[in-house]
Amino acid sequence: RVLPLFSSAGPLLIDATVEKPMGIVLEENEENEAKGVFCRECDEDSAAYLAGVRPGDVITSVAGMDTTAFTFDKVMEVLGETESPISITLQRGFVVEPMTERSTAKI
(Lines give C-alpha, C1' and ligand atoms only; values in the text may rest on other atoms or scores of the structure.)
Protein backbone atom coordinates (compact mmCIF):
# COMPACT_ATOMS: atom_id res chain seq x y z
CA ARG A 1 0.00 0.00 0.00
CA VAL A 2 1.11 3.54 -0.66
CA LEU A 3 0.37 6.52 1.55
CA PRO A 4 -0.20 10.07 0.22
CA LEU A 5 2.69 12.48 0.57
CA PHE A 6 1.33 15.48 -1.34
CA SER A 7 2.38 19.07 -1.35
CA SER A 8 -0.32 21.72 -1.48
CA ALA A 9 -0.17 21.43 -5.28
CA GLY A 10 -1.36 17.80 -5.08
CA PRO A 11 0.11 14.74 -6.75
CA LEU A 12 2.37 14.99 -9.78
CA LEU A 13 1.30 13.22 -13.00
CA ILE A 14 4.10 11.86 -15.18
CA ASP A 15 3.88 10.37 -18.66
CA ALA A 16 6.57 7.81 -19.44
CA THR A 17 7.42 5.43 -22.26
CA VAL A 18 9.07 2.24 -21.03
CA GLU A 19 10.72 -0.62 -22.92
CA LYS A 20 10.10 -4.23 -21.87
CA PRO A 21 11.37 -5.78 -19.67
CA MET A 22 10.53 -2.86 -17.40
CA GLY A 23 12.52 -4.02 -14.35
CA ILE A 24 9.97 -3.08 -11.68
CA VAL A 25 8.01 -4.89 -8.98
CA LEU A 26 4.34 -3.94 -8.89
CA GLU A 27 1.91 -4.37 -6.00
CA GLU A 28 -1.84 -3.93 -5.73
CA ASN A 29 -3.01 -0.68 -4.08
CA GLU A 30 -5.61 -2.42 -1.91
CA GLU A 31 -5.51 -6.13 -1.18
CA ASN A 32 -7.97 -8.11 -3.34
CA GLU A 33 -9.72 -4.97 -4.61
CA ALA A 34 -9.89 -3.37 -8.05
CA LYS A 35 -7.94 -0.22 -7.18
CA GLY A 36 -4.92 -0.41 -9.48
CA VAL A 37 -1.22 -0.96 -8.79
CA PHE A 38 1.90 0.89 -7.69
CA CYS A 39 5.63 0.43 -8.12
CA ARG A 40 7.07 -1.28 -5.02
CA GLU A 41 10.64 -1.60 -6.36
CA CYS A 42 12.49 -0.20 -9.36
CA ASP A 43 16.04 -1.26 -10.21
CA GLU A 44 18.22 1.81 -10.86
CA ASP A 45 19.60 0.27 -14.05
CA SER A 46 16.14 -0.75 -15.36
CA ALA A 47 14.27 0.61 -18.37
CA ALA A 48 11.53 1.88 -16.03
CA TYR A 49 13.96 3.82 -13.83
CA LEU A 50 15.62 5.36 -16.88
CA ALA A 51 12.14 6.40 -18.10
CA GLY A 52 11.44 8.11 -14.76
CA VAL A 53 9.52 5.48 -12.75
CA ARG A 54 10.23 5.52 -9.00
CA PRO A 55 9.09 3.41 -6.02
CA GLY A 56 5.72 4.64 -4.78
CA ASP A 57 4.52 5.76 -8.22
CA VAL A 58 0.93 4.69 -8.91
CA ILE A 59 0.26 3.53 -12.47
CA THR A 60 -2.89 5.39 -13.51
CA SER A 61 -2.96 4.37 -17.17
CA VAL A 62 -1.34 1.95 -19.60
CA ALA A 63 -1.45 2.69 -23.35
CA GLY A 64 -4.11 5.35 -22.70
CA MET A 65 -6.33 2.95 -20.71
CA ASP A 66 -7.31 4.10 -17.18
CA THR A 67 -6.08 1.40 -14.76
CA THR A 68 -7.07 3.00 -11.45
CA ALA A 69 -10.10 0.71 -11.05
CA PHE A 70 -8.42 -2.45 -12.39
CA THR A 71 -7.50 -5.51 -10.36
CA PHE A 72 -3.85 -6.44 -10.03
CA ASP A 73 -4.37 -9.31 -12.48
CA LYS A 74 -6.07 -7.06 -15.03
CA VAL A 75 -3.22 -4.51 -14.93
CA MET A 76 -0.71 -7.35 -15.37
CA GLU A 77 -2.75 -8.67 -18.31
CA VAL A 78 -2.81 -5.24 -20.00
CA LEU A 79 0.94 -4.76 -19.45
CA GLY A 80 1.63 -8.23 -20.82
CA GLU A 81 -0.49 -7.71 -23.94
CA THR A 82 0.80 -4.21 -24.74
CA GLU A 83 3.70 -4.12 -27.19
CA SER A 84 6.98 -2.50 -26.19
CA PRO A 85 7.56 0.34 -25.63
CA ILE A 86 4.65 0.88 -23.23
CA SER A 87 3.15 4.34 -22.61
CA ILE A 88 2.19 4.72 -18.95
CA THR A 89 0.96 7.56 -16.78
CA LEU A 90 2.17 7.70 -13.18
CA GLN A 91 0.90 9.56 -10.17
CA ARG A 92 3.76 10.56 -7.88
CA GLY A 93 3.45 11.81 -4.34
CA PHE A 94 3.27 8.62 -2.31
CA VAL A 95 5.50 6.77 0.11
CA VAL A 96 5.60 2.95 0.14
CA GLU A 97 4.59 1.14 3.35
CA PRO A 98 6.73 -1.80 4.52
CA MET A 99 6.25 -5.06 2.58
CA THR A 100 2.98 -6.92 3.08
CA GLU A 101 1.71 -10.29 1.89
CA ARG A 102 -0.05 -8.91 -1.20
CA SER A 103 0.27 -9.95 -4.81
CA THR A 104 3.45 -8.62 -6.43
CA ALA A 105 5.06 -9.27 -9.80
CA LYS A 106 8.26 -8.17 -11.48
CA ILE A 107 7.86 -7.18 -15.12
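Predicted model: local features only at pLDDT ≥ 70, side-chain atom pairs only at ≥ 80, totals over all residues.
Asp 57 forms a salt bridge with Arg 92, and their closest N and O atoms are 2.8 Å apart. This pair links distant parts of the chain, since Asp 57 sits in the loop between α1 (47–51) and β5 while Arg 92 belongs to strand β7, 35 residues away.

**Salt bridges**

- Side chains of opposite charge can pair when their charged atoms come close.
- How many salt bridges does the count come to? The count comes to four salt bridges, where a side-chain nitrogen of Lys or Arg has to lie within 4 Å of a carboxyl oxygen of Asp or Glu.
- Another of the salt bridges joins the side chains of Lys 35 and Glu 33, with a distance of 3.4 Å from N to O.
- Lys 35 is partly exposed at 41% relative accessibility, and Glu 33 is likewise partly exposed, with a relative accessible area of 37%.
- Glu 77 and Lys 74 also form a salt bridge, in which the closest N and O atoms are 3.4 Å apart.
- Why are Glu 77 and Lys 74 separated by about one helical turn? The two residues are three residues apart in helix α2, so about one helical turn lies between them.
- Glu 77 is partly exposed, with a relative accessible area of 38%, and Lys 74 is partly exposed as well, with a value of 33%.

**Cis peptide bonds**

- Most residues other than glycine have a negative phi, and most peptide bonds are trans.
- The peptide bond that leads from Lys 20 to Pro 21 is cis, with omega near -10 degrees, and Pro 21 lies in the loop between β2 (12–18) and β3.
- Ser 84 and Pro 85 are also joined by a cis peptide bond, for which omega is about 0 degrees, and Pro 85 is placed in the loop between α2 (72–81) and β7 (86–92).

- Asn 32, a residue other than glycine, has a positive phi, with a value near 55 degrees.
- Where is Asn 32 placed? Asn 32 is in the loop between β3 and β4, and with a relative accessible area of 67% this residue is exposed, because exposed means over 50%.
- Glu 31 lies in the loop between β3 (24–28) and β4 (37–42), and it is partly exposed, with a relative accessible area of 43%.
- Although Glu 31 and Phe 72 are 41 residues apart along the chain, their C-alpha atoms are separated by 9.0 Å.
- Ala 63 is not a glycine, yet it has a positive phi of about 55 degrees.
- Ala 63 is found in the loop between β5 (58–62) and β6 (65–66), and its relative accessible area of 46% makes it partly exposed.

Terms used: Residues numbered from 1 in each chain as written. Heavy atoms only, no water. Helix = DSSP H or I, 4+ residues; strand = E, 2+ residues; numbered from the N terminus. Buried < 20%, exposed > 50% of the residue type's maximum accessible area, 1.4 Å probe, protein only.
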